[in-house]
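I opened this notebook to record what I looked up, beginning with the ligand and ending with a sheet.

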Amino acid sequence: MKTYNKINENIIDELKNITGEKFVIVEKDKLEAYSHDELMEPSCMKYPEAVVYAKDAREVSEIVKLANRENIPIIPRGAGTGLTSASVACYGGIVISLEKMDKILEIDTENMFMTAEAGVRTAEIQRAARENGMLYAGDPCSGESSFIGGNAATNAGGNKAVKYGTTRRQIYGLEIVTAAGEIITLGGKCMKDSTGYSLLNLVIGSEGTLAVITRVLLKLMPLAPEAMDLLIVFEDFRKAIETVPKIIKLGVNPTCVEFMDNAVVQNCAAFLREKLPHDENGHYIIVKIEGGSRDALEEDCVKIDELCSANGSVETLVADPVRIWKARNSFAEADRAASPVFSAEDLVVPPAKIAEAVKYITELAARYGLVVHCAGHAADGNVHAHILKGALAEGEWHEKLAALQKELYKTVYSMGGKLSGEHGIGYKRVELMSEFCGAGELEMMRAVKKALDPNLILNPGKIFKVEA
Ligand SMILES: Cc1cc2nc3c(=O)[nH]c(=O)nc-3n(C[C@H](O)[C@H](O)[C@H](O)COP(=O)(O)OP(=O)(O)OC[C@H]3O[C@@H](n4cnc5c(N)ncnc54)[C@H](O)[C@@H]3O)c2cc1C
């Protein structure tokens, strides 16, 4: 197991020389916010020795060079909205916060691209695109808080991935700082690129383990003039989920197809202190469609309603977009209010297997006496299953959760599924990764890691174990 050096006074002085004194934090009480992300599991909380706020790529480069020379871990940090403890300091070291790098640098309306620093909030990117008559299609539910650099580092998904793909599909270029401290540009504004390996796609989703992302080049799309949101209510969950692939086959090209099981609907209604339609026993499918004309969208809505009625829905409502997406996006917050500690499973299965997967996890959780709430990206086969700790004692919680996860992922893999659809592996899933990811695939990942970060200083302890 690789060991790292501790930070001493000389290193703190060097950091202050790079960024200025006020941009280096070492006080324990101020470091607390950086000891965890949105996963509030106490066993995953790890304090860094220092947090440094970089203001540009040159400062990032100087900090990384210093850490590489002194054998000190570097943990890149976005907004800390992750759900896998991917930005905690497993081995101490320096957190590089990107939050001061928060400028949109260019909106190229002719080629339809935006260049932004890594610390710009996702919602700010969406707003800036919209103000210029375009769409940024990345749309994680955490978008009001998360940073675009964090979205790139996790290959964030979200509500619109069914139509536009995950963040990977929106990114055409990156500026990165390598483990050696080199500033390098990958990709560019070309619509095609077969020029050697796709290093761009290697860095996207690498969770801060291969490079620090300092700039992101994003593709923008034309903004659809019209949109409609439907809330389709079913009393039978299986029927609800089984209708989703049929909606996709209708050819209406939905922008979002989400689901919330009744436990989630009830919990969100209680959290928001609102009456939600059929909250007493309804399971929700939420569909957004976008297009050029209201008439065409209304025709598509009729087709969706007819299909869902024929497949057992009890009501289709044209939804107020603000209300319905507020309910959907409050899923995690509502669960946090119900149980400050919960495990957010992010399993993904082939789309046609989603009903089977949700049924299985509901029965499994009941067998372990654990409460589970399921919602997620129905058409992507991506289930967010929140397993709530509630009042369980620490020891019992860990024991039950570990046993449940082993059974769960064995079944998920037998269905052709995977550990994570969009949240990533982080620190939380390292053990599961070594158990369920194929040995050959893991070896290739380790070889890439060692080639690009031979001293293993970038975000150690994440995704997989690797020996020096
Ligand atoms: C309420 C809620 C809803 C969510 N909904 C979604 C959703 O719909 N879809 C989804 O995919 N996720 C979702 N998430 C998870 C999370 O928001 C995403 O993973 C997001 O992309 C993380 O961005 P961040 O800026 O907060 O990154 P952080 O949490 O700070 O970091 C995440 C990882 O990225 C690395 N990293 C961050 N910035 C950089 C950088 N500049 N360079 C290199 N590495 C970096 C970190 O080291 C860490 O490994 C949700 C979370 C919450 C709390």
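How far does a polar side-chain atom of N459 lie from an oxygen atom of the ligand? I found 3.3 Å, and I took a polar contact as a pair of N or O atoms within 3.5 Å.

I noted that this is a predicted model, where local features need pLDDT of at least 70, side-chain atom pairs count only at pLDDT 80 or more, and totals for chains, interfaces and linings use all residues. Residues are numbered from 1 along each chain as its sequence is written, and side-chain values use heavy atoms, without hydrogens and water.

Next I looked up T81, which has a polar side-chain atom 2.6 Å from an oxygen atom of the ligand. For I213, I noted a polar backbone atom 2.8 Å from a nitrogen atom of the ligand.

I then listed the shell: 35 residues surround the ligand, each with a heavy atom within 4 Å of it. The closest are P76, G78, T81, S142 and G157. Among the elements, α5 gives the most to this shell, with five residues; helices (H or I, at least four residues) and strands (E, at least two) are DSSP runs, numbered from the N terminus.

Last, I turned to the sheet. I read an open sheet of five strands in the order β5-β6-β10-β8-β9, paired antiparallel; strands pair if DSSP finds at least two bridges between them. β5 (104-108) and β9 (183-187) each have a single partner strand, so one side of each is left without a neighbour in the sheet. Five bridges join β6 to β10, and I found A116 opposite V216 in β10.

Definitions and conventions
A polar contact is a pair of N or O atoms within 3.5 Å; within protein, one must be able to donate a hydrogen and the other to accept it, and residues adjacent in sequence count only if both atoms are side-chain atoms.
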